[in-house]
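Thanks for coming. I have one structure to go through today, and I will keep it short. Please have a look at it before I start.

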Amino acid sequence: MSSFATEAGRAQILAALERLVAVVADLRHPETGCPWDLEQTAESLIPYVIEEAYEVVDAIHSGDPGAIAEELGDLLLQVVLQAQVASDAGRFDLATVADGIADKLIRRHPHVFGDVTVANTEEVHRNWDRIKAEEKGVPHEPDRLSPKLAKYNRTLPPLMAASKISAKVAKAGFEWDDVEGVWEKFHEELEEFHQAVAHEPKENQEAELGDLLFTLVNLARWHGLDPSEALHGTNQRFIRRFELVEAAADKPLTDLSVEELEAFWQQAKAKLAKPRES
């Protein structure tokens, strides 16, 4: 049984949250607070919200409970700090935030907190979308995808948004007949990007690069691959190899020839390569 399921556990959690709220309030005290914290605004804290969210993801990938707890704490700090900034300006406070999300969860889970019965996760999603539309006072149009696609593009990192958009429109029938059609599109977009880089202005080059990347996202979907995870893995491998290159070089990298750099790079790749199963 989790600690939250017991009365003593809930009291301990609430006491810890109260302590955090008090610490942040002290940091923002106009006379005795920290100058850096007092300078912050909702807008100035945006990069930290994004950074801490990604660090939580990285910690989860590591599987280290201590790292996960630490990074979740850093992200929680950003929530409390944003609420404190808003409270200082008289807009809202942390109670507004907590009550708001609790009320929303109760409204959108009538199968848990009401008398609605659902048969599967798909029904949960349909109820969620319908209730959400009612809350916002907009027509519930389950067959219209464009508002959802626009939200993905507005709120998610570009690669993740592209994956969501690709999957959603494919499910709605906007799809190639087979993967060969996607490969043909990839080669078409690659050629158009090559031509744009050679002969067209930067705006067109970026547009063609975007088309090429979006087609790669579609190829990844057809092959059951996650492009965000794939790029994350490539970044990690590159960094590990580059660390070995720096360690092996006996002078600044700028003083090495292309051939020397390539030799060090191949050595690093070989050293880090996983042994193949026989």
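**Burial, salt bridges and surface patches**

Of the 278 residues in this chain, 19% count as buried. Before I go on, please keep in mind that this is a predicted model.

Let me stay with the overall picture for a moment. The chain has 13 helices and 0 strands. If you read along the sequence, you get the pattern α-α-α-α-α-α-α-α-α-α-α-α-α. Along the principal axes, the C-alpha atoms fill a box of roughly 65 × 55 × 50 Å. The radius of gyration of the chain is 25 Å, whereas a compact globule of 278 residues would have a value near 19 Å.

Next, the salt bridges. As a reminder, side chains of opposite charge can pair when their charged atoms come close. How many salt bridges does the count come to? The count comes to 8. I will go through some of them.

One is between Arg 28 and Asp 88, where the closest N and O atoms are 2.9 Å apart. Arg 28 sits in the loop between H1 and helix H2, which covers 35-39, and Asp 88 sits in helix H4, so this pair ties together parts that are 60 residues apart in sequence. Is Arg 28 buried or exposed? Arg 28 has a relative accessible area of 9%, and the cut-off for buried is under 20%, so Arg 28 is buried.

Another salt bridge joins the side chains of Arg 107 and Glu 135, at 2.6 Å from N to O. Arg 107 belongs to helix H5, residues 94-108, and Glu 135 to helix H7, residues 121-136; the pair links distant parts of the chain, 28 residues apart. Arg 107 is partly exposed, at 41% relative accessible area. Glu 135 is also listed as partly exposed, at 31%.

Helix H7 comes up again in the next pair. The side chains of Asp 129 and Lys 148 meet in a salt bridge of 3.0 Å, N to O. Asp 129 lies in helix H7 and Lys 148 in helix H8, residues 146-155, so the pair ties together parts 19 residues apart in sequence. Asp 129 is partly exposed at 27%, and Lys 148 is partly exposed at 31%. Going back to Arg 107 and Glu 135, salt bridges that share partners join these two and Arg 108 into one network.

Now to the surface. Which residues form the nonpolar patch? They are Ile 13, Leu 14, Leu 17, Leu 76, Val 79, Phe 92 and Val 97, and together they have about 510 Å² of accessible area. Two elements give two or more residues to this patch: helix H1, 7-27, and helix H4, 65-88. H1 gives the most, with 3 residues. Leu 76 is in helix H4. With a relative accessible area of 35%, Leu 76 is partly exposed.

There is also a patch of negative charge on the surface, where Asp 177, Asp 178, Glu 180 and Glu 184 gather. Where is Asp 177 found? Asp 177 is in the loop between helix H9, 158-171, and helix H10, 179-199. Its relative accessible area is 80%, and the cut-off for exposed is over 50%, so Asp 177 is exposed.

That is what I have. I will take questions now.

Definitions and conventions:
Residues are numbered from 1 along each chain as its sequence is written. This is a predicted model: local features need pLDDT of at least 70, side-chain atom pairs count only at pLDDT 80 or more; totals for chains, interfaces and linings use all residues. Side-chain values use heavy atoms; hydrogens and water are left out. Patches are made of residues with over 30% relative accessible area and no salt bridge: like charges are joined within 9 Å, nonpolar side chains (Val, Leu, Ile, Met, Phe, Trp, Tyr) within 5 Å. Accessible areas come from the Shrake-Rupley method with a 1.4 Å probe; for residues, only the protein chains shown count as cover. A salt bridge is a side-chain nitrogen of Lys or Arg within 4 Å of a carboxyl oxygen of Asp or Glu. Lys and Arg count as positive and Asp and Glu as negative; His and the chain ends are not counted. The place of a charge is taken as NZ of Lys, CZ of Arg, CG of Asp or CD of Glu. Helices (H or I, at least four residues) and strands (E, at least two) are DSSP runs, numbered from the N terminus. Buried means under 20% relative accessible area, exposed over 50%, partly exposed in between (1.4 Å probe, protein chains only). The radius of gyration is taken over C-alpha atoms; the globule rule is 2.2 Å times the number of residues to the power 0.38.
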